Amino acid sequence: MNKTIIISVFAVLALGILLFRYGENPRNAAPRSAFENFAVPATDSGKSPGSLETQTNAEGSVEVSVTALRGGAADADWSFTVELNTHSGSLDDDLAAASELRDGQGNVYTPVAWDGAPPGGHHREGILKFAPISPYPTSLALVVKGVGGVAERTFTWQIKGQ
């Protein structure tokens with residue numbers, strides 16, 4: 001009986017050490033957004049159209065959701081996770097060709113890469129990447145054109161000074 005108790009105590013200690021050591025590992029943590037310097041004006045509901053939460057547009061036959069991933073530092077690339085979902089038709093759009101990024105000064109930037117699912121199917125996800133913007137923008141609008149029969153879908157963020 002004493003042997004069983006000692007083995008159980010050692011097993012619990014080993015499990016505790018493993019959880020402590022690997023539970024705080026940055027590789028296991030959820031990725032932090034580098035958009036920490038974005039302004040999020042409050043509304044009565046506490047949410048804002050400029051919120052850094054995932055923004056979704058469900059017009060037409062395709063739902064498009066966009067999440068800002070990077071861009072906090074002045075020299076960082078600007079990246080956005082883009083998710084497309086539909087229950088009719090096939091998602092065949094070239095997202096790099098259908099997207100652009102606009103800053104508050106009226107400048108337009110084209111994506112440098114689409115790293116994600118190829119055309120086809122009812123569900124697609126990937127990362128749309130843009131080069132660093134200089135000077136650092138005060139606002140950004142990701143515009144997705146022509147997807148699901150919608151001329152333009154615009155996802156906008158207001159940015160605090162660098």
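**Charged pairs, one by one**

Modeller: Happy to start with Lys 129, which is partly exposed at 29% relative accessibility; buried means under 20% relative accessible area, exposed over 50%, and partly exposed in between (1.4 Å probe, protein chains only). This is a predicted model, where local features need pLDDT of at least 70, side-chain atom pairs count only at pLDDT 80 or more, and totals for chains, interfaces and linings use all residues. Residues are numbered from 1 along each chain as its sequence is written, and side-chain values use heavy atoms, leaving out hydrogens and water.

Biologist: With which residue does Lys 129 form a salt bridge?

Modeller: A salt bridge here is a side-chain nitrogen of Lys or Arg within 4 Å of a carboxyl oxygen of Asp or Glu. For Lys 129, the closest N and O atoms of the pair are 4.0 Å apart. The partner is Asp 115.

Biologist: Is Glu 100 buried or exposed?

Modeller: The side chain of Glu 100 meets that of Arg 102 in a salt bridge of 2.7 Å, N to O. Arg 102 is partly exposed, at a relative accessible area of 26%. Glu 100 has a relative accessible area of 13%, so by the under 20% cut-off Glu 100 is buried.

Biologist: How far apart are the closest N and O atoms of Glu 152 and Arg 102?

Modeller: Glu 152 is partly exposed, with a relative accessible area of 36%. Glu 152 forms a salt bridge with Arg 102, and their closest N and O atoms are apart by 3.1 Å.

Biologist: How many salt bridges does this rule give?

Modeller: Those of Arg 102 with Glu 100 and with Glu 152 are among them. The count comes to four.
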